[in-house]
Amino acid sequence: MALANIQLTQKDIFEKNFKTGMRGYNQDEVDEYLDKIIQDYETFQKEIDRLKSENERLRQQQSSNDTTRSSRSAQQPKEQAPQPAAPVRERETQMNHQVNYDILKRLSNLEKAVFGKKFAENDV
(Lines give C-alpha, C1' and ligand atoms only; values in the text may rest on other atoms or scores of the structure.)
Protein backbone atom coordinates (compact mmCIF):
# COMPACT_ATOMS: atom_id res chain seq x y z
CA MET A 1 0.00 0.00 0.00
CA ALA A 2 1.51 3.30 -1.04
CA LEU A 3 1.19 5.98 1.60
CA ALA A 4 0.91 8.64 -1.11
CA ASN A 5 -2.48 7.20 -2.12
CA ILE A 6 -4.07 7.84 1.28
CA GLN A 7 -6.82 10.41 0.84
CA LEU A 8 -8.12 10.83 4.39
CA THR A 9 -6.54 11.53 7.75
CA GLN A 10 -8.02 11.07 11.19
CA LYS A 11 -8.81 14.78 11.26
CA ASP A 12 -10.58 14.67 7.86
CA ILE A 13 -12.80 11.86 9.05
CA PHE A 14 -13.50 13.55 12.36
CA GLU A 15 -14.48 16.84 10.76
CA LYS A 16 -16.64 15.34 8.00
CA ASN A 17 -20.27 16.44 8.21
CA PHE A 18 -22.96 14.56 6.34
CA LYS A 19 -26.03 16.28 4.98
CA THR A 20 -29.24 14.97 6.40
CA GLY A 21 -32.20 14.31 4.26
CA MET A 22 -35.76 13.45 4.96
CA ARG A 23 -35.01 9.76 5.19
CA GLY A 24 -31.25 10.00 5.84
CA TYR A 25 -29.01 7.81 7.91
CA ASN A 26 -29.20 7.75 11.68
CA GLN A 27 -26.70 10.44 12.65
CA ASP A 28 -25.68 8.73 15.91
CA GLU A 29 -24.95 5.49 14.09
CA VAL A 30 -22.82 7.31 11.48
CA ASP A 31 -20.91 9.13 14.24
CA GLU A 32 -20.20 5.88 16.10
CA TYR A 33 -18.96 4.25 12.91
CA LEU A 34 -16.74 7.21 12.06
CA ASP A 35 -15.32 7.12 15.59
CA LYS A 36 -14.26 3.51 15.01
CA ILE A 37 -12.65 4.46 11.70
CA ILE A 38 -10.75 7.30 13.37
CA GLN A 39 -9.47 4.93 16.06
CA ASP A 40 -8.33 2.47 13.39
CA TYR A 41 -6.55 5.22 11.47
CA GLU A 42 -4.76 6.31 14.63
CA THR A 43 -3.72 2.71 15.30
CA PHE A 44 -2.50 2.30 11.72
CA GLN A 45 -0.52 5.54 11.91
CA LYS A 46 1.13 4.49 15.17
CA GLU A 47 2.02 1.11 13.65
CA ILE A 48 3.44 2.78 10.53
CA ASP A 49 5.56 5.10 12.66
CA ARG A 50 6.79 2.18 14.77
CA LEU A 51 7.68 0.13 11.70
CA LYS A 52 9.51 3.07 10.11
CA SER A 53 11.65 3.53 13.20
CA GLU A 54 12.30 -0.22 13.44
CA ASN A 55 13.20 -0.29 9.75
CA GLU A 56 15.68 2.55 10.24
CA ARG A 57 17.17 0.85 13.29
CA LEU A 58 17.61 -2.42 11.38
CA ARG A 59 19.23 -0.63 8.45
CA GLN A 60 21.73 1.01 10.78
CA GLN A 61 22.38 -2.34 12.47
CA GLN A 62 22.86 -3.98 9.07
CA SER A 63 25.33 -1.35 7.94
CA SER A 64 27.32 -1.68 11.18
CA ASN A 65 27.30 -5.49 10.80
CA ASP A 66 28.54 -5.17 7.22
CA THR A 67 31.33 -2.90 8.38
CA THR A 68 32.31 -5.31 11.15
CA ARG A 69 32.15 -8.29 8.81
CA SER A 70 34.33 -6.61 6.18
CA SER A 71 36.97 -5.68 8.77
CA ARG A 72 37.02 -9.27 10.06
CA SER A 73 37.40 -10.74 6.60
CA ALA A 74 40.32 -8.39 5.94
CA GLN A 75 42.04 -9.69 9.09
CA GLN A 76 41.55 -13.40 8.28
CA PRO A 77 44.11 -15.12 6.09
CA LYS A 78 42.80 -15.67 2.60
CA GLU A 79 44.35 -19.17 2.37
CA GLN A 80 41.70 -20.70 4.61
CA ALA A 81 38.74 -22.04 2.71
CA PRO A 82 35.45 -21.83 4.57
CA GLN A 83 34.36 -25.17 5.96
CA PRO A 84 31.06 -26.46 4.62
CA ALA A 85 28.23 -26.32 7.07
CA ALA A 86 26.92 -29.52 8.64
CA PRO A 87 23.71 -29.57 6.55
CA VAL A 88 25.78 -29.28 3.37
CA ARG A 89 27.96 -32.23 4.40
CA GLU A 90 24.88 -34.24 5.30
CA ARG A 91 23.29 -33.48 1.94
CA GLU A 92 26.50 -34.52 0.14
CA THR A 93 26.55 -37.79 2.09
CA GLN A 94 22.94 -38.49 1.17
CA MET A 95 23.69 -37.78 -2.49
CA ASN A 96 26.69 -40.16 -2.35
CA HIS A 97 24.50 -42.89 -0.88
CA GLN A 98 21.95 -42.33 -3.64
CA VAL A 99 24.64 -42.55 -6.32
CA ASN A 100 25.99 -45.75 -4.77
CA TYR A 101 22.50 -47.23 -4.66
CA ASP A 102 21.91 -46.34 -8.31
CA ILE A 103 25.21 -47.96 -9.34
CA LEU A 104 24.40 -51.15 -7.41
CA LYS A 105 20.95 -51.30 -8.93
CA ARG A 106 22.34 -50.91 -12.46
CA LEU A 107 24.94 -53.60 -11.77
CA SER A 108 22.23 -55.93 -10.51
CA ASN A 109 20.13 -55.33 -13.62
CA LEU A 110 23.18 -55.98 -15.81
CA GLU A 111 23.93 -59.25 -13.99
CA LYS A 112 20.32 -60.34 -14.45
CA ALA A 113 20.50 -59.51 -18.13
CA VAL A 114 23.78 -61.40 -18.67
CA PHE A 115 23.51 -64.32 -16.27
CA GLY A 116 19.75 -64.59 -16.31
CA LYS A 117 19.85 -65.77 -19.92
CA LYS A 118 22.46 -68.44 -19.08
CA PHE A 119 20.33 -69.77 -16.22
CA ALA A 120 17.25 -69.85 -18.44
CA GLU A 121 19.17 -71.82 -21.16
CA ASN A 122 20.45 -74.39 -18.60
CA ASP A 123 16.92 -75.05 -17.29
CA VAL A 124 15.63 -76.05 -20.75
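Modeller: Confidence comes first. This is a predicted model with a mean pLDDT of 76, and 78% of its residues reach 70 or more. Here pLDDT is the predictor's confidence in each residue, from 0 to 100. Residues are numbered from 1 along each chain as its sequence is written, and side-chain values use heavy atoms, with hydrogens and water left out. Because the model is predicted, local features need pLDDT of at least 70 and side-chain atom pairs count only at pLDDT 80 or more, while totals for chains, interfaces and linings use all residues.

The protein has three helices and zero strands. Along the sequence, the pattern reads α-α-α. Helices (H or I, at least four residues) and strands (E, at least two) are DSSP runs, numbered from the N terminus. Among the elements, H2 has the highest mean pLDDT (85) and H3 the lowest (72).

Now the part you asked about. The structure holds two salt bridges. The term means a side-chain nitrogen of Lys or Arg within 4 Å of a carboxyl oxygen of Asp or Glu. In one, Arg50 meets Glu47 at 2.7 Å, N to O. Both residues lie in helix H2, three residues apart, about one turn of the helix. In the other, Arg50 meets Glu54 at 3.0 Å, N to O. This pair also sits in helix H2, four residues apart, again about one turn. Shared partners join Glu47, Arg50 and Glu54 into one network.

Glu47 is partly exposed at 34%, and so is Glu54 at 28%. The cut-offs are these: buried is under 20% relative accessible area, exposed is over 50%, and partly exposed is in between (1.4 Å probe, protein chains only).

Helix H2 spans residues 27-75, and Asp31 lies in this helix. Asp31 belongs to a negative surface patch with Asp28, Glu29, Glu32 and Asp35. Patches take residues with over 30% relative accessible area and no salt bridge; like charges are joined within 9 Å, and nonpolar side chains (Val, Leu, Ile, Met, Phe, Trp, Tyr) within 5 Å. Lys and Arg count as positive and Asp and Glu as negative, with His and the chain ends not counted. Each charge is placed at NZ of Lys, CZ of Arg, CG of Asp or CD of Glu. Asp31 is partly exposed because its relative accessible area is 38%.

Leu34 is found in helix H2 too. Its relative accessible area is 14%, so Leu34 is buried. Buried residues make up 3% of the 124 residues in the protein.

Last, the wider surface. The protein exposes about 12300 Å², and carbon and sulfur atoms supply 52% of it. Such areas come from the Shrake-Rupley method with a 1.4 Å probe; for residues, only the protein chains shown count as cover. A nonpolar surface patch of about 480 Å² is made by Leu104, Leu107, Leu110, Val114 and Phe115. Of these, Leu110 has its place in helix H3 (residues 86-123).
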